Amino acid sequence: MVGLRPAPTEQIGGAPFTQASAQSIATRVLAAADLAFAAPDGRNDDRGEVLSGPALRLAQVSNRFTTREASLTPRTAPQVLAISTGRAWPRRILATTVVDDIQSLHVLIADSPTAPYKLWVSAPMLPGASIPALPPVSDGISTITTDAGLVASPARVLTAYCRLLDVPRTLKRSSYVTDDDAYAVALLRASAAQKKALGSLGTFTRTHRVVPDESVAFQLADGSALAFGQFTRTDQLAPTSKAKRLDLPADLAKLAGRKTVTDRLRLRWLMTTIMVIPADQPARVVGVGEQLRGISAK
């Protein structure tokens, strides 16, 4: 093998490759991911070639619950925020893009030297939310596998967050996470409004479950962590004996295939979250994506 200049070598310390290389990878993977999300239901098997983890689970939601055209909305060129440090595998790239003034964060993962990078998770930031400073891209960023140095592990933080959002509440307050972010405030208000609207004519419950083993966290410059996770949400409405039936709004009736329910209406959602977890104070949620993935009525 003959070359005109020394062959590029992998860096031992810091990020294993340059920001320009990561930028090229992110651009290619996110473009392929957009096409995968926009593909018809029959192409589910192909999506696994460019998506994994929470992103693949989202892409497998039936087309009738999504607006696939939104996946092809032009986005800004991805900006690489961080590259996982060291020479070990898997390796991760943290990137951000903007679509229609909504900023999203993305995590790309390659599991081995022979495996391609895939989009592992993608979620929008909440309005006005921000994250603490990241280390310089060339320094690389460490991933966190334990709760050492944090108020709690990502899984424990997300579980507490879910309990705070349950209806009825299964946790009144938590020392692990706050519920004053824009998403939680809006959801709790909507829950209260729904219960008030039903009154004695119906019951309303909302339950959340963390998707196990689907989280990743990056160590930020101030010692806190930027964590990603996924959970499910189930909303259920049921008429009481005073009402005997509930009439559904037109949009729900179309999805459910019926205009009224006499037993119950159940909506199933898939939620993707971005959390900042400090060392000595409650974590906060800075990004949430929600996707309806199922509905049943009888």
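Predicted model: local features only at pLDDT ≥ 70, side-chain atom pairs only at ≥ 80, totals over all residues.
Threonine 143 has phenylalanine 218 in strand 7 as its bridge partner.

Strand 7 also pairs with strand 8 (residues 225-239), in the antiparallel sense and over four bridges. Here alanine 217 stands opposite alanine 227 in strand 8. Strand 7 and strand 8 form a hairpin, with five residues between them. Glycine 223 lies in the turn and has a positive phi of about 95°.

Four strands make up an open sheet with the order 1-2-3-4 and antiparallel pairing. At its edges are strand 1 (79-83) and strand 4 (118-124), each of which pairs on one side only. On average, neighbouring strands of this sheet are turned by 25° against each other, direction ignored.

Six bridges hold the antiparallel pairing of strand 3 (residues 102-110) with strand 4. Within this pairing, leucine 105 has alanine 123 of strand 4 as its bridge partner.

## Helix 1 across the sheet

Helix 1 (residues 19-38) lies across strand 1, strand 2 (91-99), strand 3 and strand 4. The helix runs at about 115° to strand 1. At 1.5 Å a residue, the 20 residues of helix 1 should span 28 Å, and this agrees with the end C-alpha atoms, which are 28 Å apart.

Which residues of helix 1 are buried? They are Ala22, Ile25, Ala26, Val29, Leu30, Ala33, Asp34, Ala36 and Phe37. These residues cover an arc of only 165° around the axis, so they sit on the same side of helix 1. An α-helix has 3.6 residues a turn, and therefore residues three or four places apart point the same way. On the other side of helix 1, Ala20 and Leu35 are exposed.

## Helices 4 and 5

Two packed helices are described by the angle between their axes and the distance between the axes. For helix 4 (residues 154-165) and helix 5 (residues 182-198), the axes come within 10 Å and cross at roughly 30°. Because angles under 35 degrees count as roughly parallel, helix 4 is roughly parallel to helix 5.

The residues that meet are Tyr161, Leu164 and Leu165 in helix 4, and Tyr183, Ala184, Leu187 and Leu188 in helix 5.

Definitions and conventions
Residues numbered from 1 in each chain as written. Heavy atoms only, no water. Pairing = 2+ DSSP bridges. Helix = DSSP H or I, 4+ residues; strand = E, 2+ residues; numbered from the N terminus. Axes fitted to C-alpha atoms, helices over the stretch in contact; angles between N-to-C directions. Contact = heavy atoms within 4.5 Å. Expected span 1.5 Å × (residues − 1). Buried < 20%, exposed > 50% of the residue type's maximum accessible area, 1.4 Å probe, protein only. Arc of directions from axis to C-beta. Parallel < 35°, antiparallel > 145°, perpendicular 65-115°, else oblique.
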